Amino acid sequence: QVQLVESGGGLVHTGGSLRLSCVVSGSISSFDFMGWYRQAPGQERELVAAFVSGANIKYADAVADRFTISRDRTKKMLYLQMNGLKPEDTAVYYCNAGLNWRARNYWGQGTQVTVSS
């Protein structure tokens, strides 16, 4: 089985920073797709940032200037550095991985990020 476990969420003030981590374990050693999604109350789950394929990185427009996605060379650790946090960033953030963009089958449990105004 494949397991994704997020950590690093918390409560911060506007302008603060958080670094989310995702640990990938299981038999699959490498995924073409690895990324972060978030879901705010009453909202659809949305892509925040991802390694879509290889080194091709996609960011949501709302976070492109503030967030940075990274991973280690083994693809067993995925990170999201979030700077300049805003209240609208408040959401549950989910780690996601898949063999490719069309098979994003694995999800973490989510970690809550709350940004106070």
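This is a predicted model: local features need pLDDT of at least 70, side-chain atom pairs count only at pLDDT 80 or more; totals for chains, interfaces and linings use all residues.

Me: Got it. How many disulfides does the count come to?

Reply: The count comes to one disulfide. Cys 22 and Cys 95 are the two partners, with an S to S distance of 2.1 Å.

Me: Where in the chain do Cys 22 and Cys 95 sit?

Reply: Cys 22 is in strand 3 and Cys 95 is in strand 9.

Me: Is Cys 22 buried or exposed?

Reply: Cys 22 counts as buried, because its relative accessibility is 0% and buried means under 20%. Cys 95 also has 0% relative accessibility, so it counts as buried too.

Me: New topic: the largest nonpolar core. Which residues touch the most other members?

Reply: That core has 28 residues, and the ones touching the most other members are Trp 36, Val 48, Phe 67, Leu 78, Leu 80, Met 82 and Tyr 93. Elements giving two or more residues to this core include strand 3, strand 4, strand 5 and strand 8.

Me: What about a second core? Which residues does that one include?

Reply: The second core is separate and has five residues, among them Phe 33, Tyr 37, Leu 47 and Ala 50.

Me: Back to Met 82. What is Met 82 in contact with?

Reply: Leaving out neighbours within four places in sequence, the contacts of Met 82 include Leu 18, Leu 20, Phe 67, Tyr 93 and Val 113. Phe 67 and Tyr 93 are also on that list of residues touching the most other core members.

Me: And Met 77, where is that?

Reply: Met 77 is in strand 8, which covers residues 77-82. Again setting aside neighbours within four places, Met 77 is in contact with Ser 21, Cys 22, Val 23, Ser 70, Arg 71 and Asp 72. One of those, Cys 22, is a partner in the disulfide.

Me: Last one: Gly 98. Buried or exposed?

Reply: Gly 98 counts as buried, because its relative accessibility is 0%. You'll find Gly 98 in strand 9.

Me: What does Gly 98 touch?

Reply: Not counting residues up to four places away, Gly 98 touches Phe 31, Asp 32, Phe 33, Ala 103, Arg 104 and Asn 105. Phe 33 is one of the residues in the second core.

Terms used:
Residues are numbered from 1 along each chain as its sequence is written. Side-chain values use heavy atoms; hydrogens and water are left out. Helices (H or I, at least four residues) and strands (E, at least two) are DSSP runs, numbered from the N terminus. Contact means heavy atoms within 4.5 Å. A nonpolar core is a set of buried Ala, Val, Leu, Ile, Met, Phe, Trp, Tyr and Cys residues joined through side-chain atoms within 4.5 Å. Buried means under 20% relative accessible area, exposed over 50%, partly exposed in between (1.4 Å probe, protein chains only). A disulfide is a pair of cysteine sulfur atoms within 2.5 Å.
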